[in-house]
Amino acid sequence: MTTTASDTSIASVTLEVGDPETAHRFYTAFGVDTYLRLRASESHSTGFRGFTLALTVSRPATVDSFLGAAVDAGATVLRPAAKSLWGYGGVVQAPDGTIWKVATSAKKDTGPATSEIDEIVLLLGVEDVKASKQFYVGRGLTVAKSFGGKYAQFTAGESSPVKLALYKRRGLAKDLGVPADGTGSHRIVLGSTAGPFIDPDGFAWEAATSLTPAPPAVPAQS
């Protein structure tokens, strides 16, 4: 069956971690556990894994709330929350090594902090944005935004837990406050109706599977 652009998008995001139980506790405390799957893996990985997950929220107080929850649960601060030209945000690294950015375009609070997430964007750091964009278009994804060879974002399906975007690897690392060098596994696997495949930068995709647990077995009637 040929997959069309309108129904191809990320169906699941699986983080490969050394200790799934510990990671689950962290992501529950952070407030993002329903957006992720976790899988035990001891795959070798050093330095920058080449991606980040970015939370967009409504106001600075909510940014501080999410970042505070992450730090309390064991995250390391890479960039303290601060104002910038585009808004307010900060960056933390989870105990499993995944880097998270939390930001808002608002510079002033219009109310108290909430636990609501407006969207989550998975930013893949790639060597050639234009080439990777065309690769994904060829796999059936639809471009929603594109800024030359610097950035591209794809349309997300209604059931997609996150939006997919591409950014220059070195630019992404600089934005996160980490060195761009890294080797080994990315420690992330994406599920999609377009999978399985490996993209030009080594990110792995697999066939989408349902999150619905299998029903219990019914004993045969004697």
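In which strand is Ser-12 found? Ser-12 sits in β1, residues 10-17, where strands (E, at least two residues) and helices (H or I, at least four) are DSSP runs numbered from the N terminus. The model is a predicted one, with local features needing pLDDT of at least 70 and side-chain atom pairs counting only at pLDDT 80 or more, while totals for chains, interfaces and linings use all residues. Residues are numbered from 1 along each chain as its sequence is written, and side-chain values use heavy atoms, leaving out hydrogens and water.

Ser-12 is buried, at 4% relative accessible area (buried means under 20%, exposed over 50%, partly exposed in between, with a 1.4 Å probe and protein chains only). Beyond its neighbours within four places in sequence, Ser-12 has contacts (heavy atoms within 4.5 Å) that include Arg-37, Pro-161 and Leu-190.

Now to the sheet. Eight strands make an open, mixed sheet, running β5-β6-β7-β4-β8-β11-β10-β9; strands pair if DSSP finds at least two bridges between them. β5 (76-83) and β9 (143-147) are at the edges with a single partner strand each, so one side of each has no neighbour in the sheet. β5 runs antiparallel to β6 (residues 88-93), joined by five bridges, and Ala-82 has Gly-89 of β6 as its bridge partner.

Then there is helix α4 (residues 169-176), which packs on the sheet and touches, among others, β4 (51-56) and β8 (119-126). Its buried residues are Arg-169, Leu-172, Ala-173 and Leu-176. On the other side of α4, Arg-170 and Lys-174 are exposed. Gly-177 follows α4, with a positive phi near 85 degrees.

Methods:
Axes are lines fitted to C-alpha atoms, for helices over the stretch in contact, and angles run from 0 to 180 degrees between N-to-C directions.
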